[in-house]
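Look at the structure first, then read the points below.

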Amino acid sequence: MRTVPRAACINDLSGFGRCSLTTALPVLSVMGVQACPVPTAVLSKHTGFPAFSFHDLTDTLPAFFETWSDLDFDMIYSGFLGSVGQISIVRDFFTRERRKNPGCRILLDPVMGDDGKRYRTYTAALCDAMRELVSHADIITPNITEACLLTDTPYHGESLQRSEAQTLAEKLLKLGCGAVVITGLVQENMIGNLTCDGNSVSYTQVHRTECLFSGTGDLFASVLCGALCRGCTLPDAVTIAGNFLSDVTSYTLRQNTPAQEGVLFEPLLTKLEGYLNAANETTR
Ligand code: PXL
C-alpha cells in the first residue's frame, strides 16, 4: 500500500453551500488521504438555493482523464454528475482503472435527489444512465429517495422498516454493484444506515436532529471513502461516518445556521483521526 492512499474524487465544485468537492477535499485530507479532484461542473451555489450559476464540464473530462493514464488510484469516489454524457466517460475511467489496478475500489454516491424529490439538474435520462453506472460500482451509498429512483420503487417518506430497507437494498444489489449502504433511515428519534453486501446485513443508528441539512450525503460518503482508504472494514467505515454525521448535525443545530448552508463540519474535522484510531485499534 502507498504511504498516503490516493482517491480520485469525481464531483462538482459548488462555491457556496458545503457539498461535493468542498466537503470531500477537506475530509479526505484530514483523514490522511490524497484527494485528487475531477470537477464535473462548477456552480456558484448548490442547486438547493433559489438562484445559482451552472457551468457543465463534460467536454473537459476526456482530456482530463487521458492525462491521468499514468496514474493509479486506491479508490475512485464518484458523486454529482452534471450531464448524461458524463456517465459513459466516467464508466470508461472506472473500467480503465480497474484493469490497471484490480485493487482499485469504486465508491459511487448516486447523487440524484433527496426528500422524495429529484435535484433540479437531474433529468429522467440522467437517472436511467445512473442506474447503469451503479452496476460498475463496488459500493453505493444512496439515500432513500435515490434508492427508490434507482429501483423504480414508490417513495413513501424517510421512515422505512428495516425489512423494507433490506428489500430495497436487495433490489439495488441486483443492479450489479458489490455492496449497498442505504443512508438516512428514520425511526422515531433515531437515524440509521443499512449495509448489505449480499452475504451479510448490518444496521447502525444514532440520534437524529429534527433539521434536514443539505450536503449530509456528501459528508457521509466522503468520510466513508476516507475510512475505507485507511483500511477500515465497510461496517466500521459506516459506523465512523454515522457517528461523525451525528456529531456534526447536533453541533450545527446549536449554531442555528440556515439549513441550505450545510453542516458546520470544519471545527469538528479533527475528531476523525480519533475515530480512525479507535476502529483500527479494535481490528488490530
Ligand atoms: O449534496 C448533493 C449535491 C451535490 N452537488 C450539487 C447539489 C447537491 C444537492 O443539492 O445541488 C450541485
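A polar contact is a pair of N or O atoms within 3.5 Å; within protein, one must be able to donate a hydrogen and the other to accept it, and residues adjacent in sequence count only if both atoms are side-chain atoms. This is a predicted model: local features need pLDDT of at least 70, side-chain atom pairs count only at pLDDT 80 or more, and totals for chains, interfaces and linings use all residues. Residues are numbered from 1 along each chain as its sequence is written, and side-chain values use heavy atoms, leaving out hydrogens and water.

- A polar side-chain atom of Asp12 lies 2.7 Å from a ligand nitrogen atom.
- Thr47 places a polar side-chain atom 2.6 Å from an oxygen atom of the ligand.
- For Asp218, a polar side-chain atom is 2.8 Å from a ligand oxygen atom.
- The protein covers 96% of the 320 Å² of accessible area that the ligand has on its own (Shrake-Rupley method, 1.4 Å probe).

**Residues around the ligand**
- Residues around the ligand (a heavy atom within 4 Å of it) include Ser14, Leu43, His46, Phe80 and Tyr119.

**Cysteines**
- A disulfide is a covalent bond between the sulfur atoms of two cysteines.
- A search of the whole structure finds zero disulfides (cysteine sulfur pairs within 2.5 Å).
- Cys9 is in no disulfide; its nearest cysteine sulfur, that of Cys225, is 5.8 Å away.
- Cys9 is buried at 1% relative accessible area (buried means under 20%, exposed over 50%, partly exposed in between; 1.4 Å probe, protein chains only).
- Cys148 is also buried, at 7% relative accessibility.
- The closest cysteine sulfur to that of Cys148 is in Cys127, 12 Å away, so the two are too far apart for a bond.
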